[in-house]
Amino acid sequence: MAWAPEAADTPLRVLRRLETGPRGLVTTDAEARLLDHGENVVPSRQPPTLPRRLLRSVRDPFTLVLLGLGLVSALIASWATAGVIVLLVAVSCLLRSNGEHRADRSTAALRRLVATTTTVRRRATKDAEPEEREIPADQLVPGDVIKLGPGDLVPADARLLRANGLTVHQAQLTGESAPVAKRALDLPDGDEHLLWQGSSVASGSALAVVTATGAATRFAGAYAGPPPGARSGSRISRRRGARRTSDFDRSVYGLSWVLVRGMLVIPPVALVANAVLRGKGLEALPFAVAVAVGLTPEMLPVVVTTVLARGAALLARRGVIVKRLSALPDVGAIDVLCMDKTGTLTRDRPVLSGSVGPGGRPDPEPLRWAAVNGLVTLHLADPPAPDPLDEAILAGAPDLGEVEGLDAVPFDPLTRVSRALVRDGEDVVVVVKGAVEAVLERCAIGERERRRANATAAALARSGARVLAVARGAASAQGGLDAVVRGVASAPAGLDEAGERGLTLVGFVTLADEPSPDAAAAIAVLARRGVKVKILTGDHPGTAARICRELGLEAGEVADAAGLTAAGAERATVIARCTPEQKARVVRALRAAGHTVGFLGDGVNDLPAMRAADVGICPRAAVDVTREAADIVLAGKDLSAIGQAVAVGRRSSGNIVTYLRIALSSNLGNVIAMLVAGLALPFLPMLPVQVLAQNLCFDAAQLALAFERPGPAVLRRPFRLRRQAVLRFIAGFGLVNAGVDLVTFAVLTRVHGTQDESAFHTGWLVENVLTQAAIMLLLRPVARVSRPLGLATGALAAAGLLLPLSPLAPALGLVALPVTSLLWLLLVLALYAGVLVALTVRTRRKP
């Protein structure tokens, strides 16, 4: 059983009780502990069983209304109507449950491909040197020594052994929204020295020993109740993985409730009309119920699940992992894609290009001190992965001389600097490296020198270089050495940030970012599809503008994030000098302006913007916390994969909207026609069981729409499900369909009169089924007919023609029609098809 440390435990005591050491566990011991403790996974609910999935399907609003109508039918002893309604519900729930099961299984398999890994120290034998390796987080055991850096998820409960400027987000556990400082204190007071599973590293680096895994963690205990110390009102289980409802979900939900209201209104309207005009009361109730059922798109949940699961599977074969199925329509609706410059538009590995003094003359000293800062940070902060900028600087640095590192704080996206405390001969100095503005704020220089330094940095940036400023100062003036002696070098700022002023500017180091080879082509594809790319970067405006020019992206006037207005955010293509919160503010402003925004990022500094966007996208190599928050994960930093995701998202949305248009316009037309004919004819235009049988055939055929491939017009621009537009389409074509049905009534009345009810019922059912097959072929945004759709419509038409001749005919009240009646019906069908073709010619290119 895992052991939980006490508040007063020292690191040595923790290590001894866990039978481990700073060098980590021996591999064989770790394997034995894994067998004892089990995998490091939070106990979660088992996948829903089939009965549970069926019960969840029944909670759908359409299903509930159908069951209510079925109950009414049973109460009035209309057993045929009740039986067909139950059959419709059963088929819909079974198909939906099976689709959800397959989609959940596929999504779980895809999520395992981007499982979190952790840097752990382990040894092959007891006397061997420790090796650092990446292992899946679920393989951790108590006693493992792990390394953490910015963006890492804390994989288990742990006790800090060393911390450098460490802050963590632990809102899911305590409700604290701001990052919390953590320190590796020998004599702890409180919980500053403890890390908990489920939190994430905001800044700094750490070395820690795992104290609890799996069910023994504090996070796992949160499932049973609030953890100790949690703020009042903290809802961990609700907050975990929660995300806002997408625009697509809201549109489908709103449309569903419009239809539900219509279903509830139709029976009383039909009853009152029959009672007033024809003197019929409850005897017309079965017909009214059948008409209400005829308006229901029972297959909507099934079609949506099938379409989205197929889209996710298609993208998975192309290396794009969809973590949230409902994100696919949102991807298709993206009209603005925001991204950082570094690592997305450029290669991951910058190269050193120069070192100049404050006045712009070549000078090796800035490079030397930048390399000292990087080397000390690399060794003392010990991040899980080296900073690419530090690697580039160290690769081109001269001999550093005799320099002893004392303490270091790695780069922090909030302060935008990294700091190192070193002993250079007899002197102890603090070296600061980072963004020009952040470093100059810490320097004691006059206004004239400051303007000159800014001008030098601006000139370097305009040439396209990435510029880092370097400054140094005596540690005695900063209190840095005293901080180390007092043991507070692991405070949130590491070194004494409050007194970190009065530094001397050494100069600037420049690095070159090479554009990604596929970025230009990918941006061009996105532009052709109506997606505007915006660059949100912390770099100088000149650096960002150069990259845009090389990629063929019209940068225009580069905006500065400071003081940027909402209108400015919408106009600008490049927004420079962005902090993480400013990136999120820009994204929120774009969404408030009516855009659907995607954000592509890979670092912890991109997390706020990713959470603010409609769709978060990251490469598989992104930091853990960013990858966890993303909706879409790319196999690599290949921008062309985003274009593929956009295309699949639009196709998925197009198929769903096509289903809604076809199903609802046909259903609405039939309902209007039946209500009108029911009042005009001396008998019911169709028996309730016939209405439901027709509905069942149509529903089965419409499943083929999930396998459609919409035409090029769907891919040309962002596709959003607009409820009002769908309702207008349904109303327009529904009235056309109702008009054709009334023409059919007139033809049947002329051919069979009003005495032969069975022939009239049969003729209208056959005509309805044939027109539904025609609608499925003609009311689509593309002329090409896929094989599944061709087979489905052929089967539907055959069912309409053969049902009157089948053994089911007596039970359904159908009779064989004479050839003359069929010819008249086919003529009406031809006229209807001609009308549909004429009406859809102008709208075929519209999504």
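Author: A residue is termed buried under 20% relative accessible area, exposed over 50%, and partly exposed in between, with a 1.4 Å probe and protein chains only. The model is a predicted one, in which local features need pLDDT of at least 70 and side-chain atom pairs count only at pLDDT 80 or more, while totals for chains, interfaces and linings use all residues. Residues are numbered from 1 along each chain as its sequence is written, and side-chain values use heavy atoms, with hydrogens and water left out.

The structure contains 17 salt bridges, each defined by a side-chain nitrogen of Lys or Arg within 4 Å of a carboxyl oxygen of Asp or Glu. One of them joins Arg 368 to Asp 424, at 3.8 Å from N to O. Because Arg 368 belongs to helix H13 (residues 365–381) and Asp 424 to strand E13 (residues 417–424), this pair ties together parts that are 56 residues apart in sequence; helices (H or I, at least four residues) and strands (E, at least two) are DSSP runs, numbered from the N terminus. Arg 368 counts as buried, at 14% relative accessibility, whereas Asp 424, at 22%, is partly exposed.

Another salt bridge, between Asp 614 and Arg 591, has an N to O distance of 3.0 Å. Here Arg 591 sits in helix H22 (residues 580–592) and Asp 614 in the loop between helix H23 (607–612) and strand E21 (615–619), 23 residues apart. Asp 614 is buried at 13%, and Arg 591 is partly exposed at 26%.

Arg 588 and Glu 581 also meet in a salt bridge, at 2.6 Å; Arg 588 is partly exposed at 41%, as is Glu 581 at 38%.
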